[in-house]
Each structure stands twice: as structure tokens, then as C-alpha cells.
Amino acid sequence: MVHRFRRFIPVFIIGLAIATIGHTSVHAQTATPGTKAITVTPASTDVAINPGSSVARSVDIINGGDSSFKVTLSTSPYHVSGEDYDPRFTQIPGTVDPSEWVHLSTTSTTVNGSDTLTVPYTIDVPQNTAPGGYYAVLFAETSSDDAQSGVVSHNRVGSILYITVNGDIKSGGNVTGDSLPIIHFVGAIPIGLKVSNSGGTHFITTASYSVTDMSGKEVLKAKFDRYVLPQTEREIKSGFTPQALIGVYTVHRSATIAGVLKTLPDVRIYVINPWLLGAIAFLIGILIGVPIERSRRRRRSKDA
Amino acid sequence: MNQSIKKVTALASVPIFAIALVAVVSSVQANALTTSTTVSSAIGSIITLLTSSGTVNLDSTPTGVGVQTIASDTVTVSTNDAAGYTLKLNETGAASALTSGANTIPATAGTFGTPIAEVADTWGYRVDSLGTFGAGPTTGGANAAISGTIKFAAVPATASPQTLKTTAATASNDTTTVWYGVAVSTATPSGTYTNSVTYTALAN
């Protein structure tokens with residue numbers, strides 16, 4: 001009887017494996033309860049408003065998780081710091097706070113799991129506001145209701161408001177290129193540029209990069225659209241990694257300033273891989289060294 | 001003779017018929033109506049943030065000399081903004097300490113600019129290879145000896161969020177691991193200590 005039972009063991013194991021695999025479900029990558037997956041759209045809004053006027057807009061708050069969460073909506077001033085445009089949510093002293101112009105239809109609500117909530121708001125510009133660019137950010141922040149102990153996280157996403165108050169606004173700016181090496185040996189070459197805005201409101205710059213080789217063939221082409229706020233300078237980076245061991249490349253860079261294209265002078269870069277340099281040096285050494293050695297030996301044998 | 005004429009007439013009618021047929025077809029084609037439709041799709045910009053758990057547990061059983069518990073939070077950001085995103089961290093409220101009623105575990109004296117190894121009865125955060133935190137790698141664990149090499153900083157105040165990451169392209173489920181550590185000795189009263197932090201994600 002034991003022998004008969006042993007015959008069924010492999011079948012039992014296979015059946016158990018099939019049952020296990022059959023019950024294994026593949027979960028799509030969705031947020032698990034407590035993770036508060038929050039999305040805001042649009043990520044930014046660009047509006048032009050007359051002084052004393054209002055515009056109505058809305059943002060969508062999307063709950064990407066299965067459970068509902070409470071969301072708090074708020075606004076803050078927005079400005080940037082440095083060429084790398086680190087965002088800041090405080091008011092620059094002596095400036096107007098445009099976040100006070102934004103009036104949300106609600107500041108606290110609940111978004112159900114896998115649901116989208118549309119939140120209308122208005123931007124009401126005071127009558128005597130000077131023409132120019134003003135910047136704020138609209139935040140949507142979750143809170144955790146199931147906090148027990150430890151570090152509780154609040155997840156906050158922002159939608160930037162680029163506001164232009166219409167009127168007589170000066171525009172202008174400049175483009176400068178990051179300095180490039182004349183000779184390059186190995187690795188990536190940073191070929192960025194900086195766009196400055198000397199005007200009174202923001203513009204979107206299109207920074208273009210192109211690298212051509214000796215034959216004129218384009219080996220790199222890149223374009224980037226970036227906001228540039230007034231009285232700031234923004235660095236827009238790109239890079240190029242030469243593939244050939246030796247070559248001559250020409251870097252072409254340009255950017256638009258308030259719609260006007262400004263082109264930087266082309267820069268030529270000579271690329272030589274150090275391994276190739278070493279190989280050439282070795283070859284030269286052999287070509288020079290061998291005849292010298294032969295000549296020395298002949299002299300020795302003559303003397304002998 | 002009459003038959004020959006008939007034959008020629010019959011043969012001549014073929015090309016005439018063909019020419020007439022072509023003329024009719026061309027006329028029909030010239031009068032055909034065409035129209036075109038433009039298909040467009042406006043893709044909205046979005047930014048999404050989620051964290052791995054919502055609460056990072058740092059449960060500890062202290063000893064006289066102190067033990068350290070370290071755990072991580074994974075922050076995931078997605079955006080289709082071509083300029084990428086910036087991720088920041090700050091205290092949600094005014095409190096910088098882990099608090100349980102009247103009892104607190106203060107934040108470490110370390111800062112982002114000068115993080116330090118934790119001493120007993122302090123807590124903080126770190127991100128491997130960010131600033132001067134060091135490469136780590138940090139590993140999670142409970143009630144271990146307090147590390148003298150892994151450095152932490154106090155979570156920055158609400159008004160001064162610290163940038164944890166900046167990207168320059170669209171992102172799909174891009175993750176940042178933030179480590180939290182608490183070092184406690186028996187000088188810390190028992191209790192359930194909490195602190196709230198805020199992660200902020202913004203398109204660039």
C-alpha cells in the first residue's frame with residue numbers, strides 16, 4: 001500500500017505546483033493602499049490677463065491608488081534660484097504676491113480611488129497691477145490618515161502658473177555658450193548654453209544643438225524648449241560623446257529670445273583618444289629607435 | 001468594294017469609341033469631389049508623485065548605550081514635461097522632532113550641508129550620494145549599534161525645502177530612496193513617536 005502511495009507522489013507534487021501557479025495573480029503596477037499616488041494636470045498653465053480682469057481655469061487631481069484620500073489645495077508664490085532654476089515657494093521681498101490672486105473653488109476635499117476631481121479656480125488681477133510676468137504655484141497635497149508611528153509622508157504636486165499681466169512690456173535677453181575645449185580626449189563633452197531674460201515677462205526659449213563631423217555629417221541634433229523667467233538666466237545643458245578615436249567636430253548652438261533666433265559662433269573641437277595617441281607615440285618610437293639602434297650596433301662592430 | 005468600305009468603317013469606329021470613352025472617364029474624374037480631415041491630439045502635461053508606504057516605521061527597542069533603526073521611503077515621480085521635474089523635502093509643520101505627547105526625539109544637529117553621524121536620542125534623513133551624505137550604501141535594520149559612518153541631516157523646515165533630485169527630461173516611475181534613521185537610548189520615554197514630512201514634485 002505504501003508502494004502504491006509513493007507512485008502518486010510525483011503527480012501530487014505536479015498538481016500542487018499547477019494549483020499554486022494557477023492561483024498566482026500578476027498585479028499591474030498600481031499604488032497600494034497608503035501610498036497616496038497623486039497626479040495634477042496640467043503641470044503648468046500660461047495665461048495672459050488684463051489688469052482688473054479675471055480668468056477661469058481648472059486643475060484635475062487624479063487619485064492613482066485604490067483608496068480615497070483627502071487632498072488639501074493651496075497656492076504659493078513661485079520663483080527660481082540660480083542658473084539651474086531651483087524652484088522656491090517664497091515671496092521675493094518687495095514684490096507682489098500673485099498667489100493671492102488665485103481663488104480656488106475648494107481648499108480641502110476627498111478624491112476617491114482611481115478617480116479624477118476637477119477643481120475650478122479663478123485668477124483675479126487687481127486693477128492697478130503693473131504689466132509684466134507674475135508667478136505662482138498651485139499645490140495639491142495628500143495627508144495620511146493611517147499614521148501610526150514613525151515618519152508620515154505627505155505627497156504634494158504642483159502646477160505652475162505663468163501669468164502675464166497685459167500692457168507695455170519690454171522683452172529682451174541674450175544667449176551665451178558654455179566654454180568648450182579645443183582638444184578633447186575621452187568621454188562626453190558638455191555643450192550647454194545659457195539664456196538670459198532681461199525683459200518684463202517670461203518667454204519660452206528653444207535651445208538648439210547640432211554637431212557635425214569633418215565631412216559635414218550631423219552626428220548630434222537636439223532641441224529643448226524651456227521657460228525663462230524675467231531677470232533670470234537659465235542654463236540649458238546638452239552633451240556630446242564622440243564615437244571616433246580621432247576627429248574634428250563643429251558645434252552649432254542657438255536659442256530663441258522672445259521669438260528671435262540668436263546663434264552662437266560655431267566652435268571646432270579636435271578629438272583624439274589617448275589610446276590612439278599612445279599607439280602613435282609607440283609607433284614613432286619604433287620608427288626612430290630601430291634605425292638608431294642599428295646604427296649604434298654597426299659602429300660597435302666597426303670599432304671591434 | 002462595298003464590303004471593304006464597311007470593314008474600314010467598322011475598324012475606324014473602334015478608336016473613335018475609345019477616344020469617346022476616355023473623354024467620358026476623364027470628365028467623370030474631373031468632377032469627383034475630395035475632402036480632407038485633420039486629426040489632432042492635445043496631450044496634457046501631468047506630474048505624479050507617490051511614496052512606497054505613506055509611513056516609515058522606525059520602531060526601536062532601546063538599550064542604555066543606544067540603538068539605531070534605519071528604514072527607507074521610496075518616492076516615485078512621473079511627468080511628461082520635457083523639462084523634467086524637481087523633488088523637494090521639508091517638514092510638514094513646525095515640529096522638527098519625532099513627538100509622542102509631551103515627549104520628543106529631537107532632530108539631529110546635522111544639516112544638508114554638514115550631515116553627521118547620529119548620536120543617541122536623535123533622528124534624521126539621508127539620501128545616498130546626495131550632497132555630502134556619502135555614497136552609503138545605506139541598509140535598513142532595527143536596533144543595530146549606532147553607526148559612526150552613516151551620516152544624517154535634520155529634515156529642513158517648511159519654508160526651506162531641500163532639493164533631493166532634479167531631472168531634465170520626461171520621467172516614468174523615476175524613484176528616489178530617502179532613508180530615515182532614529183537612534184534611541186533608555187533616556188527616551190516609551191511611546192509612539194511621529195513626525196510628518198512633505199515631498200513636493202514640480203515640473204521644471
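Which strands of chain A make up the open sheet of 3 strands, and in what order? Select β12, β15 and β18 of chain A: they sit in the order β12-β15-β18, with antiparallel pairing. Helices (H or I, at least four residues) and strands (E, at least two) here are DSSP runs, numbered from the N terminus, and two strands pair if DSSP finds at least two bridges between them.

Before you click on, two notes. You are looking at a predicted model, where local features need pLDDT of at least 70, side-chain atom pairs count only at pLDDT 80 or more, and totals for chains, interfaces and linings use all residues. Residues are numbered from 1 along each chain as its sequence is written, while chains are lettered from A and ligands numbered from 1 in the order in which they are written.

**Stop 1**

Now pick β15 (residues 193–197) of chain A: β12(A) pairs with it in the antiparallel sense over 5 bridges. Show A:Val175 and you'll find A:Val195 of β15(A) opposite.

**Stop 1: chain A and its helix α3**

Zoom out to chain A, which has 3 helices and 22 strands. Of its 304 residues, 28% count as buried, meaning that 20 or more other C-beta atoms (placed from the backbone) lie within 10 Å of a residue's own; 12 or fewer makes it exposed, and in between it is partly exposed.

Next, select residues 274–303 of chain A, helix α3. Its 30 residues should span 44 Å at 1.5 Å a residue, and the end C-alpha atoms are 42 Å apart, which agrees; the expected span is 1.5 Å times one less than the number of residues. Is this helix tucked in or out in the open? The number of buried residues in α3(A) is 0, so it lies largely in the open.

**Stop 2: where the chains touch**

Bring up chain B. Here 41 of its residues are in contact with 38 residues of chain A, contact being C-beta atoms, placed from the backbone, within 7 Å. On the chain B side, β13(B) gives the largest share, 10 residues. Select it together with β11 (residues 150–165) of chain A: the two pair in the parallel sense over 8 bridges. A:His154 stands opposite B:Thr198 there.

**Stop 3: the cores**

A nonpolar core is a set of buried Ala, Val, Leu, Ile, Met, Phe, Trp, Tyr and Cys residues joined through C-beta atoms within 7 Å. In the largest, of 84 residues, the members touching the most others are A:Val137, A:Leu161, B:Tyr180 and B:Ala201. β11(A) gives the most to this core, 8 residues. Centre on A:Val137; beyond four places in sequence, its contacts include A:Phe89, A:Leu161 and B:Leu202. A separate core of 7 residues includes A:Ile191 and A:Tyr249.

**Stop 4: a loop in chain B**

Finish at B:Asp128, in the loop between β8 (122–126) and β9 (141–144) of chain B. B:Asp128 is partly exposed, with 16 other C-beta atoms within 10 Å. Its contacts beyond four places in sequence include B:Phe133, B:Pro137 and B:Thr138. Check the C-alpha separation from B:Asp128 to B:Thr138: 7.0 Å, for residues 10 apart along the chain.

Technical notes. Contact = placed C-beta atoms within 7 Å.
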